[in-house]
Amino acid sequence: MPHILIVEDETIIRSALRRLLERNQYQVSEAGSVQEAQERFSIPTFDLIVSDLRLPGAPGTELIKLGQGTPVLIMTSYASLRSAVDSMKMGAVDYIAKPFDHDEMLQAVARILRDRQSASSATAEQRPAGKAANGADKPGVDNSNGEIGIIGSCPPMQDLYSKIRKVAPTDSNVLIQGESGTGKELVARALHNLSKRAKAPMISVNCAAIPESLIESELFGHEKGAFTGASAGRAGLVEAADGGTLFLDEIGELPLEAQARLLRVLQEGEIRRVGSVQSQKVDVRLIAATHRDLKSLAKIGQFREDLYYRLHVIALKLPALRERGADVNEIANAFLLRQSARINRTDLRFAADAEQAIRHYSWPGNVRELENAVERAVILSESPEISAELLGIDIELSDLEDDDFIGLAPQQGAAGNTSHEPTEDLSLEDYFQHFVLEHQDHMTETELARKLGVSRKCLWERRQRLGIPRRKTGVTSES
């Protein structure tokens, strides 16, 4: 279980953060100042330090040196954003603005711990990149591409890795395309980590998550009095990324006015805060991502055509999870390892029907949906084997290949005699009907569904559509 040190002088914030982390299976220690942390703990022994920037006595950045390589996540207010960026230049791994969103904090903590684990794995003596000490794959790291930090070895992903290695050392703008949940931010982070800007900050912005009325101020900053409520000047996120990388996720949601300002950054290397008459130079590499067709949006006037061509210098396409073949099972097992570690269980594994369902489900929500399904199954599992039903996915029979489906059928009848096997020219629906009628007298609904490689809900729906009533005799009823 990862051990996290919180250093925060405000008791209410410190206690709330401790409860949040402990609820999510982290071991937590706390201190009110750098001095107290030194007196009470051996700071380098922690897996992560989360510290406020402004503390009584020494600032939180002192923990960067005291941690001797332990990652430090700095908490700061929006008003001191420039100080947070300076902290990163001093060696802080990232910063998070206060008041922080709980999900944002948990995502940052998980990402930092995952990156630290990956880095340790990659540099371990005589150990292949992406492998744990016991030979198991590290979550989040590709078997043969540990420096990229993405799982998967299918041909489309191998082609993507090759392009990442070629593009990363350059300063060219990159547009990452792919469906929601495919891992576009992982690609952006790989491009940053493999670039000459790796020691500078990478600032990530979800354009869809910021209200339209605030996005220009958030991106480009503002001067005091620029609008109602602007009581002080503030640097924007583009300015904060100076010398590093700016990642704009869902750039298709960026308003046209903000697009015009962004175009100036790309063309002139200049930024002008809202309410200012002066420009200042910035050195930023832009990586953008979208699940939308920007070229089509440009044709109908919803996206600036000149900005589209500025972004489209290098285009990287992430395949959907359903197009990645056996990668899906590899990713699922990586998530299983990660979630199992969080609850201190080492005995969990996928049952055969779960492996089958994972492989053949279409995963419309892609990797994000898969991760959520595995997390839910791990939490709810009461036995070492995780069944397809626990994953909560409904795989239709039409999603299965004939060989996969027929291979799940038992060869023995209720009395141990060989059952009447269907002929090879039966359709899947004919086979389904034959199998259910043949075995429903001596199998429960759960057993039937498991043998067929579908969920109970899918079994029930097929019964209704094909007009196969559920018999109550001969088998113990299930709720």
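Keep in mind that the model is predicted. Helix 13 (residues 327-342) gets most of the attention, with 13 of its 16 residues buried. Two packed helices are described by the angle between their axes and the distance between the axes.

**Helix 13 on its own**

- The length checks out: 16 residues at 1.5 Å a residue should span 22 Å, and the end C-alpha atoms of helix 13 sit 23 Å apart, which agrees.

**Helix 13 against helix 14**

- The axes of helix 13 and helix 14 (residues 352-360) come within 8 Å and cross at roughly 125 degrees.
- That angle makes helix 13 oblique to helix 14, and the crossing is right-handed.
- On the helix 13 side, the contact uses Val-328, Asn-329, Ala-332 and Asn-333; helix 14 brings Glu-355, Ile-358 and Arg-359.
- Sorted by class, this contact between helix 13 and helix 14 has three nonpolar, two polar and two charged residues.

**Helix 13 against helix 15**

- Helix 13 and helix 15 (residues 366-380) have axes that come within 9 Å and cross at roughly 45 degrees.
- The two helices are therefore oblique to each other, and helix 13 passes helix 15 in a right-handed crossing.
- From helix 13, the contact residues are Val-328, Ile-331, Ala-332, Phe-335, Leu-336, Arg-338, Gln-339, Ser-340 and Arg-342.
- From helix 15, Val-367, Leu-370, Glu-371, Val-374, Glu-375 and Val-378 take part.

**Helix 6 against helix 7**

- Helix 6 (residues 155-167) and helix 7 (residues 184-193) have axes that come within 9 Å and cross at roughly 40 degrees.
- Helix 6 and helix 7 are therefore oblique to each other, with a right-handed crossing.
- Leu-160, Ile-164 and Val-167 of helix 6 meet Val-187, Ala-190 and Leu-191 of helix 7.
- The contact of helix 6 with helix 7 has six nonpolar residues, with no polar and no charged ones.

Key
Residues are numbered from 1 along each chain as its sequence is written. This is a predicted model: local features need pLDDT of at least 70, side-chain atom pairs count only at pLDDT 80 or more; totals for chains, interfaces and linings use all residues. Side-chain values use heavy atoms; hydrogens and water are left out. Helices (H or I, at least four residues) and strands (E, at least two) are DSSP runs, numbered from the N terminus. The expected span of a helix is 1.5 Å times one less than its number of residues. Buried means under 20% relative accessible area, exposed over 50%, partly exposed in between (1.4 Å probe, protein chains only). Axes are lines fitted to C-alpha atoms, for helices over the stretch in contact, and angles run from 0 to 180 degrees between N-to-C directions. Angles under 35 degrees count as roughly parallel, over 145 as roughly antiparallel, 65 to 115 as roughly perpendicular and the rest as oblique. A crossing is left-handed if the near helix is turned anticlockwise from the far one by less than a right angle, and right-handed if clockwise. Contact means heavy atoms within 4.5 Å. Ala, Val, Leu, Ile, Met, Phe, Trp, Tyr, Cys and Pro count as nonpolar, Asp, Glu, Lys and Arg as charged, and the others, Gly among them, as polar.
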